[in-house]
Structure formats: structure tokens, C-alpha cells
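Colleague: I've got the file open and a few questions for you. Shall we go through it together?

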Amino acid sequence: MAEEKKLFKVKIDNISVEVEPGTTILNAARQIGGEIVPPAMCYYSKLQGSGGKCRTCLVKVSKGSDADPRPMPKLVASCRTTVMDGMEVSNITSPEVLEARKGVVEFLLLNHPLDCPVCDQAGECHLQDLSYEHGADSTRYEFKRRTFDKVDLGDKIKLHMTRCILCYRCVYTADQLTEKREHGILGRGDASEISTYISQSLDNDFIGNVIDVCPVGALTDQTFRFKNRVWFLKPVDAHRDCENPKCCGKTVLWMRGNEVFRVTARKDKYGEVEAFICDTCRFDKKDVKDWIIEGPRKIERNSVISQGHYVNTVKPKDALVEVLDGRQPKLLFDIHSESQVNRPDIDLSKIHGPAHSDDFKK
Amino acid sequence: MGRKLLLDKAHIEGIRYYDTYRSNGGYAAAEKALKTMGPDAVLEEVKKSGLRGRGGAGFPTGLKWSFIAKPEGVPRYLVCNADESEPGTFKDRYLMEFIPHLLIEGLIISSFTLGANSAYIYIRGEYAWIPDILEQAIAEAKNKGWLGKNILGTGFDLEIYVQRGAGAYICGEETALIESLEGKRGNPRIKPPFPAVKGLWQCPTVVNNVETLAAVVPIINIGGDEYIKYGTGKSTGTKLISACGNINKPGVYEIEMNISVEEFIYSDEYCGGIKNNKRLKACIPGGSSVPVLPANLLLKTAKGETRMMTYESLADGGFATGSMLGSGGFIVMDEDQCIVRNTLTFARFYHHESCGQCSPCREGTGWMEKVLKNIEYGKGKMSDIDLLWDIQRKIEGNTICPLGDAAAWPVAAAIRHFRDEFEWHVAHPQEALTRNFGLAHYADPLPAPVAAV
């Protein structure tokens, strides 16, 4: 008996949308798009069971469904609440939701070190965006922040637990993507931490993806750490024939000139990867020759990364030849060959202290 | 003397053992339920009795049982929540220690009603000696044919397992308990799905408190119609109250839910009055998570009525002027107790017990504790009181499980009713270190209620 699929009508912030039964409120909102999409720090559509923990996506259900129009008594996590036919949800139209979200952002930032100036995630950090959009301009917390020691999880991944917001994404990633989960949560309450027990290294073909799913700078790429700021880099889509059958081989190279600084999976506008990539692609293929470049990656306009203006850049034209009616400028005097101090054989960086004319004596 | 249903035979020597329990009318209810009644009749009887969950929330048990999904070929489970960890609550411990067979009998009847062939007793790890008592009782019952295969020739099979927790308050939350029972980290699950649909090992599960399950036995014995004659209104039957604090006779009392709070505290049958003839300052009537009430609001509701020991009366006035019966952890505080310190103790507890899964509770509980510590130790500011209020408001209702609410409510109630004491602590930091605020006006008669216009 082939039943015709019935779509559920949902109203989010007075915008109607029809979605399939079983869709969550968050995903219904994403189908509408725009401002009314609740932020999500822990939900990750590619990871089963994720979500519900950070509470930033709280929304108000002002009407449960057509069948049962009662409103839900509390704010609900939109990433884990499925829609009902005729449901009415308010997100940014509800002051209560905005107030609660502001509270959640404050809680998330309570123990966060706010070391963005030295954090590799800065520029692509969800917590940065979230606090910019929903947070207060100062903190009311007057106590010492919680800190942890930095841990090397193998030679490729650095865990900086102090920055972690315990979204559990990396745990789900390791659980569902890799063959053997090697890390989880230790401790409880605000003393809980992501750990491998006795700092064992994470060693698995796909474990590098925990870096991509981490919404903050708690898990960073050791091969990229402190090498560059992301907004100075040019993201280009690239692919290669990866030997690993589970890897899609489609990545983003973050380049400066012809140098590949890092490789990540391709992320959509919600910061979720399109497909996971293997560790060989991520950590070992740092040569532009390994890749087939497809072109610049489109970055959301509001992202700081797009401030690099790398798309459609035009090289400045040398106007001199044109002005001289096509004649090449004549070199009158080559200052470099005449200069006494232009001595390529003397390496300035090896001179102790500032250079002195004595250093250039023949 | 109030009538008793659960502890009426608790004083009999050797009631812990099967023979004594059986010869005093034990297992008659199980026999009646299994042989003559059948599951539907038992469910009907429990519904009729109006029995409400004794674990704290007070949800009607019959209704809860009727929610259980019954898909074909999927086992159903009954889980007994014996993870009694709420500060101030110790009633289940008494039941399990002294009359374990009452619980076993309740489990048999309830499992039979729900069609569950396995029942689990999840007991808190700190009750280290009780699993032995329970397991002995289970072995006795099994020997006598009350457990195992084909019980009483009815074709109903049941096994009861005792599982110890590892010392986490959060595992008293039903979904965290299920996770823990499955051998995982005790993190509460996100609901829905509710345990009645997907609980233990993704199968339909009912989680009930020890006392609730035990109360099923007298209901079957005397019938639902008789049971509602105990108590008042929707608070039917009897309730175990574990009384503690500054009273003359702390302990576990079974009360019929038709006595007043004042009678409970001052009568010789129950608490026997405040210790050393001091005056009553405040009371937490239902375990640490429910709002604290000052003496005047405790004995009389805001409407001027006498407050009774019932679900409804204690909740009268909502959280503005009322509290909750909760799990029955009755904590009495005399005039020399410091509310700020008491609130700090609870805040520390909830900070320690937060599972850390969702952000408001993980971060907020610790923050409240630190702010309260400052106020208690003379480093507070006036703005801290408003800050505390704001923090608790942002935790409450925004978390996955009720632990966030449970952490927020005591702080909210303390500030709501005892704000002067907080302000005194801030204004007199040195004095606050050496003496307490005292009774102040907290026992003064309430202003006469304004007639509704």
C-alpha cells in the first residue's frame, strides 16, 4: 500500500515551510534559511545522536500541532525536536528565546579563555560568531577560569581542553567514523574533559576529522598550528584520487601563493563538512602537485576569511610601457650592483645584532 | 495514630525474611493479582487508587503504566529507581533495609501488569549493604516460586536483578539511570523519545520509585476504592516522609496525607517539635531540590489556609509562596540556621553532581556556588544577589534534565523568601562570619490576604 507522503506544515517565525515528517525544527528552519536559523554548536547533521547539549538552538514552540495546539511548557532544543503538522515555532521573534540564548552564550564563555588572538580557530570559530551575534559585551564572571594542560593526541592533533565547550562532536565522530573509538569524556560536571586516558595518541585513518567538527579551537591541526591566520589564506577547492575507499578526496586547500598551508574538508555555511576526508589527504598531501585544483572556494560574505578578497583579483597593470609609447624603460643605473652593501653572500639574519658597515668590509 | 499501609508491619521482628513476611500476610497481593485478577484488572485498580509517583514528580502511576508501548516481539522492562540520592531523602533505604519483600512483591505485581519479564533494581552505590539484603530476599522469593519461570502456574516469567550505581546523583534521573544500567556514562537522554517508548536497550521501559512499587501491594490488598479513602483529594494513600534537621525525632514516618504540616512537625507521633525548644525558621518539605519556605508560609498558605502534608497543599501558591512534596525529604531548620550557608551547601552539591552534558547546568551550577561562597564568607556585593537570581533564571527550564531546575529552585526560593538575610550578609560581612541572622520576621504572621476583586 503505497501511501502518499504527507508533508508537515510548520511555521517558524511566521514563515511557513513544508517538510517531511521526522525533520527537526532546526532542519526545517535551515530549509527556510536566513536569520531565523537557530545557531547550533553541538548539533552536526552528519553525526548521529549529536545535538541537544549546548542549548544555543533553544526555541519556543507556541503551538504544538494542529491536533494538539497546546504550547510546549519549556523552550526546546530545536536540533532534537521533530516537527508536528501545524506546529508554530518562534525563534528570533520571541524575546524569551533571545534572552535564554544570551544566557547560554554567557555560560559557554564563562570558562572559555578568550585567547582568540593566539588561537588557530579564530576567524572560523563558531563560538566567536555566536558570541558576536548573541553575547553580551562583557562578562559578569569574576572568578578564576577553569584550565587544563595542553595535550598532544599523537603528532597530528593538539587538544587544548581549556577552550573546549564539550559539544561531544569529536566523540561522535570517532565513534561513527573510525573503526575504534579511542577517546571520550572523563569526569563530570564542569570538570569533565575530552580525553584518551593516559594521553594515548589518536591513531586512525579518519581521526583528523575531529579537527573539522570541533566548533572551537580545542582540537587543532599540529601541522598547521601557528603557521598562519586563516584569513590570510586563500581557500581553493581541490580533489585527488584518494587510495582510501572511504575518503571522498574532495577538500579545500588553504594556500598562500603556491604553498599549501593546510587541508580541510569542505564545509557548508553551517560549518558542517560536506563529506569527511582521510588523514592522508589532510596531513600528508601538502604539495600543490598532489592536487587537482578546481577553483576558489565560495566563502560566506560575513566571514572574516572573505576579507582576503581573493576572488577575481586583478593584478595591477604596469602603465609605464603604455606611457612610453611601447618603449621599454631604460635602465640608467642599477643601484643593486653599485651598492656597497648589497652582498648576497652575507646573510643578514646570521649577523649578531644590527648590521654595521664593518660587516660588509671585503 | 495515623493509619499505615506500608510500614504497618515494619516493627515485627524478622519481617525482613520470607517466612515472617509470608506469615504476616505477605505475597497475598501477588497471589491475588496473578491468580485472580490479570494485568488489566491490576492496572485498573492502580488507576482507581490515584497513586502518584513517590519519587518526586508526583505523576499518576496508573497513567504512566498505560503509556507503555506494546509492540509485538519486543521485551518490556520494569526498572525500580532505588538511586535515592537527594539530600534529605532516605525513605527508600528504610523500606529496602527492613521490608525488602514488600518491594519484591510490588515488583512482581507491577511487572505482571506491564508484561515485563525482567525487572531491575538500580540502587545507589553508597547503599553498599542493601544489595545483599535485596539479593537474599530475591533468592528466598525465587526458592518459594515467586520468581523464575511460570510463577504460580500462570505462565508468567520474571527475573529481578539488582544493579549498583557508582555514586552519581544524576543516575536518579530516569534516562541517566537507564544509560548507567546499560553500562554507559550516566548522561540523561534527550527526550523524546520517552522511556515508555524507547527505554532500556531501546525497549519500552517503566521506571518507578521504590515506594511507588511498594505502594502497589496495599492497593491490590485493599482495592483502589479503599485506597482513595486514605489521604485527601488527589493526594491519595500514605506517604513516607524522611524527616531530618533540627527536630526531636528525626526518622522515617509514614503519614496519611491528611495531616497538617504543623501537626507533623510538632506532634509527638511524628517529629516531636523543634530541638532544644527553639523556634522554627524554615523548612524544605520535599528534599533538597524543592523550594525552601519560611516558617510563616510553611504553616499557612498565602491564602491563610492551614498547609497540609499533601501534594496540592504544599504546592499551593506555586513557587511564589509554595513548595512541593517532592520525594518527602523533610528538612527542618531552627532559628539558628543560616539560609545562605544552607543554600551554599546545596549549590555545592548540585555543582558536584552536574553531569556536564549541557552548558547551562555545567557552567551555571559552578558559578552559583562561587557567588554564594563569596556572600557566605563576607566577600559578596549587593549586585551578587541579583546576579544569582539571573543565573538561576537562565538555568531553569533550559537544560536537558531536571537537575538544572533542581539546582536553580533552592537558590531562587532562598533569595525570594530570605533576601534580607542575603543582604545582611553582604552589608555586615564581618558580623556574618561570627553570628547568624537569626529568626528575624520569618515566623511572623502573614498579612491577611487581600480579597480578590
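Colleague: Let's begin with chain B: what share of its 453 residues counts as buried?
Modeller: Bear in mind that this is a predicted model. A residue goes down as buried if 20 or more other C-beta atoms lie within 10 Å of its own. Of the 453 residues in chain B, the share passing that test is 56%.

Colleague: What radius of gyration does chain B have, and how does that sit with a compact globule?
Modeller: Taken along the principal axes, the C-alpha atoms of chain B fill a box of roughly 75 × 50 × 45 Å. A compact globule with 453 residues would come out near 22 Å, so the chain B value agrees with that: 22 Å.

Colleague: How many helices and strands are there in chain B, and what percentage of its contacts between residues at least 6 apart joins residues at least 24 apart?
Modeller: Chain B has 19 helices and twelve strands. Taking its contacts between residues at least 6 apart in sequence, the part that joins residues at least 24 apart is 73%.

Colleague: Where does the domain assignment put the domains of chain B, and how many residues of domain 2 touch domain 3?
Modeller: The assignment gives domain 1 as 18-229, domain 2 as 235-334 and domain 3 as 339-438. The C-alpha centres of domain 2 and domain 3 of chain B lie 23 Å apart. Twelve residues of domain 3 of chain B are in contact with domain 2, and the domain 2 side of that contact counts eleven residues.

Colleague: How far is Gly50(B) from Tyr227(B) in space?
Modeller: In sequence, the two are 177 residues apart. From C-alpha to C-alpha, Gly50(B) and Tyr227(B) are separated by 8.3 Å.

Colleague: Which residue in the turn between β3(B) and β4(B) has a positive phi?
Modeller: Strands β3 (residues 148-151) and β4 (residues 156-164) of chain B run antiparallel and are joined by two bridges. Ile151(B) stands opposite Phe156(B). The two strands form a hairpin with four residues between them, and the one with a positive phi, about 55 degrees, is Leu152(B).

Colleague: What is the bridge partner of Val151(A) in β7(A)?
Modeller: β6(A) and β7 (residues 157-159) of chain A run antiparallel, with three bridges between them. Across from Val151(A), the partner in β7(A) is Leu159(A).

Colleague: Which residues of chain A does the UniProt annotation "domain: 4Fe-4S His(Cys)3-ligated-type" cover?
Modeller: The span is 46% helix and 0% strand, and its end C-alpha atoms lie 17 Å apart. According to the unreviewed UniProt entry, the annotation covers residues 101-141 of chain A.

Colleague: And how far apart are the C-alpha centres of the two domains of chain A?
Modeller: The assignment gives domain 1 (8-105) and domain 2 (112-226) for chain A. In contact are 14 residues of domain 1 and 15 residues of domain 2. The distance between the C-alpha centres of these domains is 26 Å.

Note on methods. Residues numbered from 1 in each chain as written. Chains lettered and ligands numbered in written order. Predicted model: local features only at pLDDT ≥ 70, side-chain atom pairs only at ≥ 80, totals over all residues. Pairing = 2+ DSSP bridges. Rg over C-alpha atoms; globule rule 2.2 N^0.38 Å. Buried ≥ 20, exposed ≤ 12 C-beta atoms within 10 Å, placed from the backbone. Contact = placed C-beta atoms within 7 Å. UniProt positions renumbered as here; feature names shortened; annotations may be inferred. Domains from an automatic or database assignment.
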